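Here is a brief report on a protein chain and its ligand. It covers helix packing and a ligand shell.

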Amino acid sequence: MIVDLTGLAPDLLKEMYRRMVLVREFELRAIAERRIGLIPGFIHASIGQEASAVGVGMAMRAEDVFTSTHRGHGHLIGKGGDVARMMAELAARSTGYCGGRGGSLHIADFALGSLGANGIVAGGIPIAVGAALAFAMRGEDRVAVSFFGDGAANEGAFHEALNLAGLWRLPVVFICENNLYGEGTPQHKQAPIADLALRAESYAFRGVIVDGNDAPAVYRAASEALSQARQGLGPTLIECKTYRWHGHYEGDPQVYKPAGELQEWQQRCPIVRLGAALIATNILSEADLEAIRQSVRAQLDEAVAYARRSPHPQPEEALAGVYAETHNGKVF
Ligand SMILES: Cc1ncc(C[n+]2csc(CCOP(=O)(O)OP(=O)(O)O)c2C)c(N)n1
Ligand SMILES: [Mg+2]
């Protein structure tokens, strides 16, 4: 399947390829490090879905913000996240993005524009709409993006958030990563329609379907949606058709996937497809691609070493960053 590179600058395409490799290798390394005890807690890998995260991340401007999900490593790396601070966070170290208190599911970095990963399915969608409302009210030239899955599109929060975004024509772009499953439930058993982009119509804005394994196609669709949002033309829902190669979480036996389905989707690997197009257009050679893979692996060796040598947060710091109060004013 051909990936069309028309109109995209070679430097942008090279960086797109590098970030996708970084997402893939980050997750493979995190999975390996979890097996040998560096990382506690769950890992939800987005392997196979790198094109949607990176295509959108690269289309955003630095001042744009996004909300993410439990499957959010790619979203962060797509916008330029620091893999050393990510690895440290996964390893529960104080040098991590959240001081080692949140782990994979809760990474946030306002400086980068990440308003947070979220363990609550669809929880990030109204947050992005709230950010978009703030941008509109303050007259700021910024757009909010929300990443979520096909399962999230069946939650009440999705509909409520899209309704207000449509009504107030807010500068927000909804990215539905339809990977065909919500946990172990296939998409066709969760919703009566296969094309979730159709739902935008009920809220009076544009719904677009894109090949979610084609990073340049995602980049173009996201760029157009971001530009429309900036011009005050309202939201867009982009549905990226993709597939998660791994289980819902690492360790999921995946008994619910039909035989051959994974192999079929692996033929459409977003990284292989972009790499092949870069070679076919003489932008990069096979040796260049290999050099990118090697430099990414070296970067991840550093990230793991950084996490290993960083301290765990101390028990006496446990209340830092906690804002809930009791009735008598004591902070817990
Ligand atoms: C409100 C809520 N309901 C249920 C869950 C349990 N849960 C975690 S992930 C998930 C599936 C989400 O599927 P989807 O939105 O398609 O995202 P994907 O995992 O495929 O990336 C569910 C049901 C949850 N975390 N939050
Ligand atoms: Mg899903």
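This is a predicted model: local features need pLDDT of at least 70, side-chain atom pairs count only at pLDDT 80 or more; totals for chains, interfaces and linings use all residues.

Residues are numbered from 1 along each chain as its sequence is written, while chains are lettered from A and ligands numbered from 1 in the order in which they are written.

**Record**

UniProt lists residues 18-316 as "domain: Dehydrogenase E1 component", in an unreviewed entry. Positions from UniProt are given in the numbering used here, feature names are shortened, and annotations may be inferred rather than shown by experiment. In the model, the end C-alpha atoms of residues 18-316 lie 40 Å apart. The span is 42% helix and 11% strand. Helices (H or I, at least four residues) and strands (E, at least two) are DSSP runs, numbered from the N terminus.

**Ligand 1**

Ligand 1 is surrounded by 16 residues. A residue counts as near if its C-beta atom, placed from the backbone, lies within 6 Å. The closest are V121, G149, G151, A152 and G182. Two strands, β2 (144-149) and β4 (181-182), each supply at least two residues of this shell. By class, the shell has 5 nonpolar, 8 polar and 3 charged residues. Here Ala, Val, Leu, Ile, Met, Phe, Trp, Tyr, Cys and Pro are nonpolar, Asp, Glu, Lys and Arg are charged, and the others, Gly among them, are polar.

**Helix pairs**

Two packed helices are described by the angle between their axes and the distance between the axes. Axes are lines fitted to C-alpha atoms, for helices over the stretch in contact, and angles run from 0 to 180 degrees between N-to-C directions.

| Helix pair | Axes come within | Crossing angle |
|---|---|---|
| α2 (residues 50-59) and α7 (residues 215-230) | 8 Å | roughly 40° |
| α1 (residues 10-35) and α4 (residues 83-90) | 12 Å | roughly 25° |
| α4 and α10 (residues 286-309) | 8 Å | roughly 45° |

Angles under 35 degrees count as roughly parallel, over 145 as roughly antiparallel, 65 to 115 as roughly perpendicular and the rest as oblique. So α2 is oblique to α7. The contact (C-beta atoms, placed from the backbone, within 7 Å) involves A51, S52, V54, G55, V56, M58 and A59 of α2 and A215, V218, Y219, A222, S223 and L226 of α7. It has 10 nonpolar, 3 polar and no charged residues.

At roughly 25°, α1 is therefore roughly parallel to α4. From α1, L22, F26 and A30 meet V83, M86, M87 and L90 of α4. This contact has 7 nonpolar, no polar and no charged residues.

With α10, α4 crosses at roughly 45°, so α4 is oblique to α10. V83, A84, M87 and A88 of α4 meet Q299, L300, E302, A303, V304, Y306 and A307 of α10. By class, that contact has 9 nonpolar, 1 polar and 1 charged residues.

Notes. Two residues are in contact if their C-beta atoms, placed from the backbone, lie within 7 Å.
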